Amino acid sequence: MAESRVPSPKRPLPERRLAKRALLRRPTARDLRVRTSAVVVLAIALAVLVVPPVVRLDEQAVDLALKLTPPSWAHPFGTDDVGRDLLLRCVYGLRVSLVVGLVAALAATVIGTVVGATAGALGGRADRLVMRLVDVFTSVPHLLLGIFIVAMFRPGVWPVVVSVALTHWVSTARIVRAEVLSLRSRPFVDAAISGGASRLRVARRHLVPAVLPQAGLAAVLMVPHAIWHESALSFLGLGLPTHEASLGNLVQSARGSLLAGDWWPTLFPGLFIIVPTLAVAGLAGAWRERINPRRRSELML
């Protein structure tokens, strides 16, 4: 009688074969979303960096003979109410809004990281005091507080940056504090404290570097939020000066045209606000899944 052979357990596939399988597999909807977001972000970066130096046209040039011209080959986005090319103004407006969003998001992230790390590292009474301050800022609507801050200065870029930075650091502070509190119970932190390291040294050498990926993710997610905030302030006439091409100013100046039935002066600046927001959100979602240890085993990007 033939002996029955016991099947040997399957050996784990080598890393190269796993990587090859990941590359050959059919892309999922999530992969397509991430790739599309990356292409859109790359196109936006190229447009903002390349178009203004290469295209030697004045985005403020007025030509009343071309007033409210519909989209055409000569003007793909049409013209506004004084004959200015809307595509060129949208690119310049996106450039200004991105600069405001990036600087404001970076400043808000630095403030939130410092506040959150300080509260989590010190703990006790200092933690409670800082979190009550965070609750005070959270209780006031962002836009209302931003209007109050901007109204104290003359219209310009820096008042908007300060307004966004001082109203958007709260979420980063909460995230960083929660991460620091979870890290304080780790064995390496206890070992450092037992070895005589001060709380400041532990926070600087161990806690803050560990929360930087979360803080970076918060900064990326804050950029589109800052763009929306700047657009809202400019739309209300409290942001950038009306003669500067920002996305909020473009939408605000197109209100009369929309009531008259001319849709393109409002549609295209609105798309320049919405599309970058969705693209950055798509990339940030992939980044969040990569740095989240609970779902790290599911990722095969």
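How many salt bridges does a search of the whole structure find? The search finds 5. They are taken up below, after an outline of the chain. The model is predicted.

The chain holds 12 helices and 0 strands. The chain has 301 residues, and 39% of them count as buried. Of the contacts between residues at least 6 apart in sequence, 70% join residues at least 24 apart.

In soluble globular proteins, nonpolar side chains tend to be buried together. Here the largest nonpolar core has 26 residues, and those touching the most other members are Cys 90, Leu 94 and Phe 272. At least two residues of this core come from each of α2 (29–54), α3 (86–122), α4, α7, α9 (199–235), α10 (247–253) and α12 (264–291). The helix that gives the most is α3, with 7 residues. Phe 272 shows what such a position looks like: leaving aside neighbours within four places in sequence, Phe 272 is in contact with Phe 77, Cys 90, Val 91, Leu 94 and Leu 247. Another core lies apart from this one, with 12 residues, including Val 180, Val 189, Leu 207 and Val 211.

Helix α3 also contains Ser 97. Is Ser 97 buried or exposed? Its relative accessible area is 0%, so Ser 97 counts as buried. Apart from neighbours within four places in sequence, Ser 97 has contacts with Ile 227, Glu 230, Ser 246 and Leu 247.

Next comes the packing of α3 against α7. Two packed helices are described by the angle between their axes and the distance between the axes. For α3 and α7, the angle is about 35° and the axes are 7 Å apart. The crossing of α3 past α7 is right-handed. On the α3 side, the residues making the contact include Ala 108, Gly 112, Gly 116 and Gly 120. On the α7 side, they include Trp 169, Ala 173, Val 176, Arg 177 and Val 180.

Side chains of opposite charge can pair when their charged atoms come close. The side chains of Asp 127 and Arg 177 form a salt bridge, with N and O 2.7 Å apart. This pair links distant parts of the chain, as Asp 127 lies in helix α4 (residues 124–139) and Arg 177 in helix α7 (residues 169–183), 50 residues apart. Asp 127 has a relative accessibility of 9% and so counts as buried, whereas Arg 177, at 21%, is partly exposed.

A salt bridge also joins Arg 174 and Asp 135, whose closest N and O atoms are 2.8 Å apart. This pair too links distant parts of the chain: Arg 174 is in helix α7 and Asp 135 in helix α4, 39 residues apart. With a relative accessibility of 34%, Arg 174 is partly exposed. Asp 135 is partly exposed as well, because its relative accessible area is 30%.

Elsewhere, Arg 84 and Asp 80 form a salt bridge through their side chains, at 2.8 Å from N to O. Both of these residues are buried. Asp 80 and Arg 84 also belong, with Arg 89, to a network of salt bridges.

The last stop is helix α5 (residues 142–150), whose buried residues are Leu 145, Gly 146, Ile 149 and Val 150. Why do these residues lie on the same side of α5? They do so because they cover an arc of only 130° around the axis. An α-helix has 3.6 residues a turn, so residues three or four places apart point the same way. The face of α5 turned away from the buried side carries Leu 144 and Phe 148, which are exposed.

Helix α5 packs with helix α6 (residues 157–167) at an angle of about 140°, with the axes 9 Å apart. This crossing is right-handed. The contact involves His 142, Leu 145, Gly 146, Ile 149 and Val 150 of α5. From α6, the residues in the contact are Pro 159, Val 160, Val 162, Ser 163, Leu 166 and Thr 167.

Definitions and conventions. Residues are numbered from 1 along each chain as its sequence is written. This is a predicted model: local features need pLDDT of at least 70, side-chain atom pairs count only at pLDDT 80 or more; totals for chains, interfaces and linings use all residues. Side-chain values use heavy atoms; hydrogens and water are left out. Buried means under 20% relative accessible area, exposed over 50%, partly exposed in between (1.4 Å probe, protein chains only). Helices (H or I, at least four residues) and strands (E, at least two) are DSSP runs, numbered from the N terminus. The arc is that of the directions from the helix axis to the C-beta atoms. A salt bridge is a side-chain nitrogen of Lys or Arg within 4 Å of a carboxyl oxygen of Asp or Glu. A nonpolar core is a set of buried Ala, Val, Leu, Ile, Met, Phe, Trp, Tyr and Cys residues joined through side-chain atoms within 4.5 Å. Contact means heavy atoms within 4.5 Å. Axes are lines fitted to C-alpha atoms, for helices over the stretch in contact, and angles run from 0 to 180 degrees between N-to-C directions. A crossing is left-handed if the near helix is turned anticlockwise from the far one by less than a right angle, and right-handed if clockwise.
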